[in-house]
Amino acid sequence: MDKIVVAGGKRLAGAVDISGAKNAALPMMAATILASGESTLLNVPHLKDVSTFSDVLRVLGARVKREGNSLIIDTSSIEHLEAPYELVRTMRASIYVLGPLLARFGQARVSLPGGCAWGPRPVNLHLKILEEMGAHVEIQHGYIMARAGKLQGALIDFDVSSVGATANAMMAASLASGNTLLRNAAREPEIEALGQMLSSMGASVSGAGSGTVEIQGAKTLRAVRERIIPDRIEAGTYMVATAMTGGKVTLRRARADHLGAVIDKMAEAGVTIRQEAGNLVVEGPTSLVPVNVTTSPYPGFPTDMQAQFMALLSLAQGTSVITETIFPDRFTHVPELRRLGVKVTLDANVAKITGVKRLSGAPVMASDLRASAALVLAALVAQGETEILRVYHIDRGYERIEEKLRGLGAEIQRVRV
Ligand code: UD1
């Protein structure tokens with residue numbers, strides 16, 4: 001199992017390429033199931049989650065081929081309509097195959113994902129939307145078993161804004177008969193990207209990326225060629241790295257329009273961010289100002305940036321408050337950050353961070369994807385050496401993180417153990 005070793009104290013400078021977005025790539029890979037034929041996705045990041053999802057598609061019978069940054073998916077040979085526990089337990093997003101399989105083949109069997117490192121992650125909304133579209137859904141032996149004749153368009157009112165359930169509903173609705181109207185749909189850029197792909201495939205989709213999405217299903221859909229949008233969370237993470245080290249970095253291809261809430265909070269903390277020729281240029285201040293952050297659905301501040309912001313605010317001059325409203329238990333990074341000298345207290349879903357002058361290197365353990373990013377960030381400024389164990393978590397969602405950071409001047413390496 002690899003570990004990452006960081007010698008802290010280097011100021012980051014230079015330019016870094018932002019990769020394609022993991023959270024856009026996964027639903028778009030699932031959407032290829034809806035049409036029989038060969039789809040090509042461009043700018044697909046090289047990540048563990050992408051290879052896991054490729055394995056899920058292969059188990060179904062699809063042929064998946066990597067060519068550089070492209071992924072070529074031939075779904076004409078799908079015949080096995082089951083996503084098994086062994087794959088789903090390693091990646092909850094496997095549930096994205098549920099809607100497309102049911103819509104195209106009339107049945108699907110997908111393992112229930114179970115909990116995750118920061119508590120229960122229900123899938124009730126995914127099941128509810130399919131039922132509302134006329135499917136019969138039951139749980140048997142740890143599997144979601146769904147069956148339907150032709151799915152029917154429906155009026156679906158989400159009481160909670162859910163990225164995954166919105167994506168599953170949009171995919172299912174694209175092959176359903178009639179109109180589907182989604183209210184309180186998730187508005188994340190990855191949903192907008194999925195909407196564009198479903199439109200290219202032949203469904204009529206309007207409003208994706210807003211709270212109200214309307215989909216007119218098509219009889220059949222066609223295979224397509226689509227580009228994955230840049231990863232806003234990866235970009236946000238490099239922003240924090242730059243800010244913490246007082247550096248200056250150009251984020252190539254980062255999209256400011258997808259990062260509004262993050263950029264606003266960075267600016268409040270004293271970080272300078274400007275757009276320059278399709279890139280974002282980030283410049284860290286000499287001292288950081290404390291800020292209060294509350295996570296909420298897009299366009300609010302993303303929960304996927306919460307852990308990294310805790311690392312950032314650990315150096316601010318004063319006390320900051322982070323309130324996590326999406327996943328109230330998402331704080332597995334707290335005990336590990338404390339080992340690096342971060343001063344943080346936790347009361348339910350509210351963390352209070354009192355800035356310190358410096359952090360100090362220590363061995364720490366990555367517990368989930370974004371938590372491990374926070375540890376790398378803290379390690380970049382900690383005095384001495386930090387060893388981060390269990391880095392497979394970080395490989396799920398950050399492409400070549402140690403190479404990219406090294407390219408910016410960090411002293412970081414991956415050690416095979
Ligand atoms: C996606 C992202 C994840 C991000 C999260 C919130 C992907 C692959 N993952 O996860 O990185 O942290 O959005 O931005 O894109 N909920 C229910 N019932 C359900 C489904 C969700 O109650 O059936 C609740 C969740 O517990 C949570 C809220 O809805 O409180 C939002 O979760 P959701 O948007 O569904 O997250 P994911 O799609 O799993």
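1. Arg 330 puts a polar side-chain atom 3.5 Å from an oxygen atom of the ligand, a polar contact in the sense of two N or O atoms within 3.5 Å. Asn 23 does likewise at 3.1 Å from a ligand oxygen, and Asn 124 has a polar side-chain atom 2.7 Å from a ligand nitrogen. The protein covers 82% of the 740 Å² of accessible area the ligand has on its own (Shrake-Rupley method, 1.4 Å probe).

2. Keep in mind that this is a predicted model, with local features needing pLDDT of at least 70, side-chain atom pairs counting only at pLDDT 80 or more, and totals for chains, interfaces and linings using all residues. Numbering runs from 1 along each chain as its sequence is written, and side-chain values use heavy atoms, leaving out hydrogens and water.

3. Who lines the site? In total, 18 residues surround the ligand, with Asn 124, Ser 162, Val 163, Asp 304 and Ile 326 the closest (a heavy atom within 4 Å). They split into eight nonpolar, seven polar and three charged; Gly goes with the polar ones, and Tyr and Cys with the nonpolar ones. Helix α5 gives the most, three residues (helices are DSSP runs of H or I, at least four residues; strands are E, at least two).

4. Where does the ligand sit? Domain 1 (2-18 + 231-416) and domain 2 (22-227) both supply shell residues, so the ligand lies between them. The bounds come from an automatic or database domain assignment.

5. As for the whole protein, it has 14 helices and 24 strands. Of its 417 residues, 58% are buried, meaning under 20% relative accessible area (1.4 Å probe, protein chains only).

Note on methods. Polar contact = N/O pair within 3.5 Å; in protein donor to acceptor, adjacent residues only side chain to side chain. Buried < 20%, exposed > 50% of the residue type's maximum accessible area, 1.4 Å probe, protein only.
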